Amino acid sequence: MTGPAPVDLIHLEDADGNRCIVRVTGRFQPGILTGHDILRADVLVSAGFIDARLDVLLFQRDLDAWRQDLADLVPGRQAGVGGDRGLSLTLHMHEDGWLSVTVEDPDRLTTLLGIRPDENWVHKHQEDLQRVRQTWPSEVIETAPGAYQWCPDRKR
């Protein structure tokens, strides 16, 4: 049995060939309460000077923060994923429509890209977040600190 096809949470690409993609590939530990809702993702970064593939684990709180960051994003503000444990990806929106994309993976890579995304990129990324959540819905609840159980409506 195979799982769902990968889904892009972030897909930024411009005409110059610069790109940054966060592609969710599945659950970290499917069927194990403490790791079931954690998602595995590949971070693909490409420009004339770099072509890298990195890994990141996304917690449900990362997806919540990404949703809020996108909703609040205006020129001069930032949105991002990860950061408190391993890889972090930060988008800084500029007045002229450009994004500064910083990818930092301690001990492996730090890079900064400039990407000019399509005009409706924020709306598209909000839809992509919904697609990730529909593909891998949260199925675990924390009943007390460190105590977990399956959601009653979990699909098996």
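Colleague: Why does D64 count as partly exposed?

Modeller: Partly exposed is the band between buried (under 20% relative accessible area) and exposed (over 50%), using a 1.4 Å probe and protein chains only. D64 comes out at 36% relative accessibility, so it counts as partly exposed. Bear in mind that this is a predicted model: local features need pLDDT of at least 70, side-chain atom pairs count only at pLDDT 80 or more, and totals for chains, interfaces and linings use all residues. Residues are numbered from 1 along each chain as its sequence is written, and side-chain values use heavy atoms, leaving out hydrogens and water.

Colleague: What makes the meeting of D64 and R133 a salt bridge?

Modeller: The term asks for a side-chain nitrogen of Lys or Arg within 4 Å of a carboxyl oxygen of Asp or Glu. Here N to O is 2.4 Å, so the pair passes. The two sit in distant parts of the chain, with D64 in helix α1 (residues 60-72) and R133 in helix α2, 69 residues apart. Those helices, by the way, are DSSP runs (H or I, at least four residues), as are the strands (E, at least two), numbered from the N terminus.

Colleague: And why is R133 called partly exposed?

Modeller: R133 has 22% relative accessibility, so it counts as partly exposed too.

Colleague: What does the pair R53 and D42 tie together?

Modeller: These side chains meet in a salt bridge at 2.9 Å, N to O. R53 lies in strand β4 (residues 50-58) and D42 in strand β3 (residues 39-47), so the tie is between parts 11 residues apart in sequence. D42 has a relative accessible area of 17%, so it is buried. In total, the structure holds 10 salt bridges.

Colleague: Why is D62 called buried?

Modeller: Its relative accessible area is 8%, so D62 is buried. D62 lies in helix α1 and touches L57, G82 and R85, not counting residues up to four places away in sequence. A contact means heavy atoms within 4.5 Å.

Colleague: What makes D107 exposed?

Modeller: D107 reaches 85% relative accessibility, so it counts as exposed. D107 is found in the loop between β7 (99-105) and β8 (109-115). Phi of D107 is near 70°, a positive value in a residue other than glycine.

Colleague: How do you know that the radius of gyration of the chain agrees with a compact globule?

Modeller: The radius is taken over C-alpha atoms, and the globule rule is 2.2 Å times the number of residues to the power 0.38. For 156 residues a compact globule would be near 15 Å; the chain has 16 Å, which agrees. Its C-alpha trace spans about 45 × 30 × 30 Å along the principal axes.

Colleague: What is the order of the elements from the N terminus on?

Modeller: They run β-β-β-β-α-β-β-β-β-α-β-β, and the chain has two helices and 10 strands. Buried residues make up 42% of the 156 residues.
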